[in-house]
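This report walks through one protein model, from its overall layout to a single helix pair. Please keep the sequence and the 3D view at hand.

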Amino acid sequence: MCDVAILDRVPTPLRSATSRADLAGMTCSACGATLRTGMSWCGQCYASVGVPARRSAPVAVAQQHLPTYTRWRKTDTSFGPVGRVLWTVAMVLLLAMCLFSQDPFAIVAAVLVAGVVLRSVWKRSRLT
Ligand SMILES: [Zn+2]
């Protein structure tokens, strides 16, 4: 009894809209034959279905709107590969020098400085 009541509440405009969209995508534009989803050409007349054009458009839109990040490429606010590697080498040298000095305060300071610097140097930055 409960199941029937829930099924009755499913909005019918939603159901008919999806089925109509499915039917539109499964009919050959050249001969009107029914096509299976995912086919790139018609099985009856071998006409191209035109799915690739429809598929590539959403991908391009998604690439435009999804931000891409990089830890490696140079952007307006970050170093390129050379700058990042040089900063990393400099911080490793600083750490090594402070370790060799065996001064605990220098080691702590070097770890803190290197941590802050390397975090900002290797922070991923937005490309688009
Ligand atoms: Zn066809």
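## Overall layout

What share of the contacts in the protein with a separation of 6 or more comes from residues 24 or more positions apart? The answer is 35%. The model is predicted. Five helices and two strands make up its elements. From the N terminus, the order is α-α-α-β-α-α-β.

Of the 128 residues in the protein, 2% are buried.

## Confidence

The average pLDDT of the protein is 75. A score of at least 70 is reached by 67% of the residues. Residues 15-23 fall below 50. Beyond near neighbours in sequence, that stretch has one contact in the model.

## Helix α4

Helix α4 covers residues 81-101. How far apart are its end C-alpha atoms? They are 30 Å apart.

Is α4 largely buried or largely in the open? One of its 21 residues is buried, so the helix lies largely in the open.

## Pairing of α4 with α5

Helix α5 spans residues 104-122. Its axis comes within 9 Å of the axis of α4, and the two cross at roughly 170°. An angle over 145° counts as roughly antiparallel, so α4 is roughly antiparallel to α5.

The α4 side of the contact consists of Arg-84, Trp-87, Thr-88, Met-91, Leu-94, Leu-95, Cys-98, Leu-99 and Ser-101. On the α5 side are Ala-106, Ile-107, Ala-110, Val-111, Val-113, Ala-114, Val-117, Leu-118, Val-121 and Trp-122. By class, the contact has 16 nonpolar, two polar and one charged residues. An α-helix has 3.6 residues a turn, so residues three or four places apart point the same way. The α4 list includes such a series: Arg-84, Trp-87, Met-91, Leu-94 and Cys-98.

## Two residues of α4 in detail

Leu-94 lies in α4. Which residues does Leu-94 touch, leaving out those up to four places away in sequence? They are Ala-110, Val-113 and Ala-114. Leu-94 has 17 C-beta neighbours inside 10 Å, so it counts as partly exposed; a buried residue needs 20 or more. Its C-alpha lies 9.1 Å from that of Ile-107, 13 residues away in sequence.

Ala-90 also belongs to α4. With 14 other C-beta atoms within 10 Å, Ala-90 is partly exposed. Ala-90 and Ala-114 are 24 residues apart along the chain, and their C-alpha atoms are separated by 8.9 Å.

## Positive phi in two loops

Most residues other than glycine have a negative phi. Gln-102 has a positive phi of about 60° although it is not a glycine. Where does Gln-102 lie? It sits in the loop between α4 and α5, just after α4. Gln-102 has 8 C-beta neighbours inside 10 Å, so it counts as exposed; the cut-off is 12 or fewer.

Tyr-46 is another non-glycine residue with a positive phi, near 60°. Tyr-46 is in the loop between α2 (12-25) and α3 (51-65). Is Tyr-46 buried or exposed? Tyr-46 counts as exposed, because it has 10 C-beta neighbours inside 10 Å.

Conventions: Residues are numbered from 1 along each chain as its sequence is written. This is a predicted model: local features need pLDDT of at least 70, side-chain atom pairs count only at pLDDT 80 or more; totals for chains, interfaces and linings use all residues. Axes are lines fitted to C-alpha atoms, for helices over the stretch in contact, and angles run from 0 to 180 degrees between N-to-C directions. Helices (H or I, at least four residues) and strands (E, at least two) are DSSP runs, numbered from the N terminus. Angles under 35 degrees count as roughly parallel, over 145 as roughly antiparallel, 65 to 115 as roughly perpendicular and the rest as oblique. Two residues are in contact if their C-beta atoms, placed from the backbone, lie within 7 Å. Ala, Val, Leu, Ile, Met, Phe, Trp, Tyr, Cys and Pro count as nonpolar, Asp, Glu, Lys and Arg as charged, and the others, Gly among them, as polar. The expected span of a helix is 1.5 Å times one less than its number of residues. pLDDT is the predictor's confidence in each residue, from 0 to 100.
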